[in-house]
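Subject: Structure handover

Hello,

Here is the structure you will be taking over. Please open it and keep it in view while you read the notes that follow.

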Amino acid sequence: MKATDLLGAEAVDTEGSRLGRVHDIRLARSGHDAPWHIDAVIVGPSALAYRLGYSEHAVAGPGLLAALARWLGRRNRLIPWNQVVSAEQRRLVVRPGAERAGS
């Protein structure tokens, strides 16, 4: 699977509720020499807060920029990859309640 297969894909839960579009992919690896794997996807109307690092509470940055980025990203959800049921044909299906607000 390529990142371009996921980015922009519609995300829904198994009950059919629309969660938004995939705007970003978070990668991780278990060790220095381990291969990278998908850890989570960012779903919602905008991923700006995640891309600027303002979704992490430890990042303060300029107050006005931080407030704006958090406001724009208030409906974004971090969905752990292990909660994804299927990812095919520009559609990501996840377990209900899998998303975590502002994580």
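Val22 touches Leu6, Leu7, Gly8, Ala9, Val41, Ile42, Val43 and Leu92, with neighbours within four places in sequence left aside. Contact here means heavy atoms within 4.5 Å. This is a predicted model, in which local features need pLDDT of at least 70 and side-chain atom pairs count only at pLDDT 80 or more, while totals for chains, interfaces and linings use all residues. Residues are numbered from 1 along each chain as its sequence is written, and side-chain values use heavy atoms, with hydrogens and water left out.

Val22 also belongs to the largest nonpolar core, which has 12 residues in all: Leu6, Ala9, Ala11, Val22, Ile25, Val41, Val43, Ile79, Val84, Leu92, Val94 and Ala98. A nonpolar core is a set of buried Ala, Val, Leu, Ile, Met, Phe, Trp, Tyr and Cys residues joined through side-chain atoms within 4.5 Å. Buried means under 20% relative accessible area, exposed means over 50%, and partly exposed lies in between (1.4 Å probe, protein chains only). Two or more residues of this core come from each of β2 (18-28), β3 and β6 (91-94). In soluble globular proteins, nonpolar side chains tend to be buried together.

The chain as a whole

The protein chain has 3 helices and 7 strands, in the order α-β-β-β-α-α-β-β-β-β along the sequence. Helices (H or I, at least four residues) and strands (E, at least two) are DSSP runs, numbered from the N terminus. Of the 103 residues in the protein chain, 31% are buried. Among contacts with a separation of 6 or more, 46% join residues 24 or more positions apart. The protein chain exposes about 6,400 Å², of which carbon and sulfur atoms supply 53%; accessible areas come from the Shrake-Rupley method with a 1.4 Å probe, and for residues only the protein chains shown count as cover.

Strand β3

Gly44 lies in strand β3, which covers residues 37-44. Gly44 counts as buried because its relative accessible area is 2%. Beyond four places in sequence, Gly44 touches Leu19, Gly20, Arg21, His23, Arg75 and Asn76. One of these, Arg75, is 31 residues from Gly44 in sequence and 6.1 Å from it in space, C-alpha to C-alpha.

Ile42 is in strand β3 too, and its relative accessibility of 4% means that Ile42 is buried. Ile42 and Ala11 are 31 residues apart in sequence, with 9.9 Å between their C-alpha atoms.

A buried charge

Asp13 sits in strand β1 (residues 10-13), and its side chain reaches the backbone nitrogen of Ser17 at 3.0 Å.

The loop between β5 and β6

Gln89 is in the loop between β5 (84-88) and β6. Its phi is near 50°, a positive value in a residue other than glycine. Gln89 is exposed because its relative accessible area is 76%. Arg90 is in the loop between β5 and β6 as well, and has a positive phi of about 60° although it is not a glycine. With a relative accessible area of 41%, Arg90 is partly exposed.

Regards

Conventions. Polar contact = N/O pair within 3.5 Å; in protein donor to acceptor, adjacent residues only side chain to side chain.
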